[in-house]
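Please look over the sequence and the structure below before reading on.

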Amino acid sequence: MGTRDGALAGASAPRAYAPHDAGAVSVRGTGARGGTHPTGDGTHPTGDGARSTGGGARRTGIVQAAVVRAEDAPGPTLVVRLDQLPVGALAVGAELARLRHALSGTAYAELDKIALYGPTTRAGHTLDYRFVQALPDGAFDFRAGCGHSLLAAVVADGPRPGPVTVRAVTTGDTVLCEREPEREHADAYTLSFLKAPTAPGTLPTGRPVDVLSGVPVSLVRYGNPYVFVDARHLPEPDDEDDLRDRLLALRAEAARILGYAPRSALPKIAAFAEGPEGLSVRALTVGGWHPRLALTGAAALAAAGALDGTVVPAATGPVSTPGGTVTVSTAPDRVRVHHKRATVLGRLELPWRIHATA
């Protein structure tokens, strides 16, 4: 295997979290109370839970949250259920920054994925879900999607007797989450993105191939906007860092074309190689290499492979990544990502604060 293919199959992401059993979690920060949630249903306590800070100018209370780790994700997700909070609470960066600050000194201090969810009024759907990506500079990106965090919200909400249909408010996707037969894959889900790969907008530039810095790539918007590049079209990298820097340069050029700010988490980018055993993929995430492949990345890869003329070959079945395989399949009206799991690591009580009018 040459340097290029070796880099694609390289080490795991530097920011990956090791799975662990959180047990009782102590949450530090102004106004925070630590400990596990007293019930397992993920709901909020009855009553307003508010504490007056004096003068009626501001109200502080407690939000129930869960920390959920989806397998294959670079880290856990902070999952917050919103339907029993005031309208607008936690919808702005200041409130989210307060929640993250409350995690300082805990095992989740570097957690950078937040899932906000609750019941939906959309017919045929079960839950509304919004994803927020915390960025290294302390800001938040409200435009990205995350399939692993979507699954984290479904698992945090508790088991249901049938499929769960989630409206991803951030990206506009509808995702069907179905438990797989336990005799085959215990506690595993198949997530189906209910949109035809050929739907308008899947190729945001209208072209199956674009050329960035002399390199042919396919820009695909499915789950998240992605840049896919065949590793054969990249100069031979010196090492992993060299490959990462080349991909980041291509990503920056694609961001300019697609109208994203330089510090945005979007678009995502992945390099692939095709060999006798199928596709192998190496992808970047916020802060470094992804340990496997984002769930939206798997869906976007499969969608790209189903379109004529892209640089991506058909991806049906297992796709190799540095951390193992990811299994995808396509149909005329959807893309499926199979055998996904998530585990609740702990339940927390965290502070939230809103301005009051009286």
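Strand S4 (113–119) and strand S5 (127–134) each supply at least two residues to the lining of the largest pocket, strands and helices here being DSSP runs numbered from the N terminus (E, at least two residues, for strands; H or I, at least four, for helices). S4 gives the largest share of that lining, four residues. This is a predicted model, in which local features need pLDDT of at least 70 and side-chain atom pairs count only at pLDDT 80 or more, while totals for chains, interfaces and linings use all residues. Residues are numbered from 1 along each chain as its sequence is written, and side-chain values use heavy atoms, with hydrogens and water left out.

A pocket is an open set of points on a 1 Å grid over the protein atoms alone, with protein on both sides within 12 Å along at least five of seven lines, whereas a cavity is a set of points where a 1.4 Å probe fits but cannot get out; lining residues have an atom within 4 Å of a point. The largest pocket has a volume of about 340 Å³, a volume being the space filled by probe spheres set on the points, which are joined across faces, edges and corners. Its lining has 17 residues, of which Leu 82, Leu 116, Tyr 117, Asp 128 and Arg 130 lie nearest its centre. These lining residues divide into eleven nonpolar, two polar and four charged, where Ala, Val, Leu, Ile, Met, Phe, Trp, Tyr, Cys and Pro count as nonpolar, Asp, Glu, Lys and Arg as charged, and the others, Gly among them, as polar.

Lys 113, Lys 268, Thr 285, His 290 and Ala 294 lie nearest the centre of the largest cavity, out of 17 residues that line it. Helix H3 (147–157), strand S12 (224–230), strand S14 (278–285) and helix H5 (295–305) are the elements that give two or more residues to this lining, and the largest share, three residues, comes from S14.

The protein as a whole has five helices and 19 strands. Of its 358 residues, 53% count as buried, that is, under 20% relative accessible area, with exposed meaning over 50% and partly exposed in between (1.4 Å probe, protein chains only). In soluble globular proteins, nonpolar side chains tend to be buried together.

Some details of the backbone remain. A cis peptide bond, with omega of about -5 degrees, joins Leu 266 and Pro 267, and Pro 267 is placed in the loop between helix H4 (240–258) and strand S13 (268–275). Asp 72 has a positive phi, near 85 degrees, in a residue other than glycine; Asp 72 lies in the loop between strand S2 (58–70) and strand S3 (77–81), and counts as buried because its relative accessibility is 14%. Ser 213 also has a positive phi, near 55 degrees, but Ser 213 counts as exposed, because its relative accessibility is 57%.
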